[in-house]
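Here are my notes on this one, jotted down as I went through it. Have a look at the model first, then read on.

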Amino acid sequence: MSHSRQGWLGHPHPIPRSLRSWLSDRGSLTQRLKARCASFRVVPLATGIARPNPDEYALLGMAPGSRAYVREVMLLCNEVPVVFAHSVLPYAGLRGGWNGITRIGSRSLGEALFSDHRIARQPLAYRQLRQGHALFHAIARQQLLAASSLWARRSVFCLNGHPLLVTEVFLPAIDTP
């Protein structure tokens, strides 16, 4: 299914210039943040079995309403939240090579994804999230947001034929050094 039918874009054209390099970088976001921050930290917010967001089922080949392993974390740069990350792994993937993901805790998923040569990344897709989107609500629950919209990117990582969806939502503080 095409990303665009669900509001996800294949190219970052409308993204503000200040965010374009963050959203379009295909390397490890964790490594980029670590290089920029005196201190970097991953704070787990929610992990466990849950229903994916409505616009995630088709991308993962899942039946609507079914459950998956979902992990949500906040990435902190110098103790300031800069990225909200949301990962979805269908049940079959827990037995298909991704089983270590449930024990990752406060470690960065990005470091694991970019250190295993067997993991293939599909193209990035981009979207401006507004107040009606489930991920926007998840972020708003964690902190007061002055922004009325946030930019996000997502891509699927495949290991042994099993998909893992990673969505990264860039918070306003990403722009501050």
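How many disulfides does the count come to?

1. The count comes to 1 disulfide. Keep in mind that this is a predicted model. The bond joins Cys-37 to Cys-77, with the sulfurs 1.7 Å apart. Its S-S torsion is about -110 degrees, so the disulfide is left-handed. Distant parts of the chain get linked here: Cys-37 sits in the loop between H2 and strand E1 (40-50), while Cys-77 belongs to strand E2, 40 residues away. Both cysteines are buried.

2. On to the cores. The largest nonpolar core has 20 residues, and those touching the most other members are Leu-23, Leu-33, Val-83, Phe-170 and Ile-174. At least two residues each come from helix H1 (17-24), helix H2 (29-36), strand E2 (68-77) and strand E3 (80-90). Apart from this core lies another, of 15 residues, including Phe-84, Ala-138, Ala-152 and Leu-171.

3. Leaving out residues up to four places away in sequence, Leu-33 touches Trp-22, Phe-40, Leu-75, Val-82, Val-83 and Ile-174.

4. Then there's Thr-167, in strand E7 (residues 162-170). Thr-167 counts as buried because its relative accessibility is 0%, and the cut-off for buried is under 20%. Beyond four places in sequence, its contacts include Trp-8, Glu-56, Phe-84, His-86, Leu-135 and Ala-152, plus Arg-153 and Arg-154.

5. As for confidence, the protein averages a pLDDT of 86, and 93% of the residues score at least 70. Among the elements, E7 has the highest mean pLDDT (95) and helix H5 (residues 109-115) the lowest (82).

Terms used
Residues numbered from 1 in each chain as written. Predicted model: local features only at pLDDT ≥ 70, side-chain atom pairs only at ≥ 80, totals over all residues. Heavy atoms only, no water. Helix = DSSP H or I, 4+ residues; strand = E, 2+ residues; numbered from the N terminus. Buried < 20%, exposed > 50% of the residue type's maximum accessible area, 1.4 Å probe, protein only. Contact = heavy atoms within 4.5 Å. Core = buried A, V, L, I, M, F, W, Y, C linked by side-chain atoms within 4.5 Å. pLDDT = per-residue confidence, 0-100. Disulfide = S-S within 2.5 Å.
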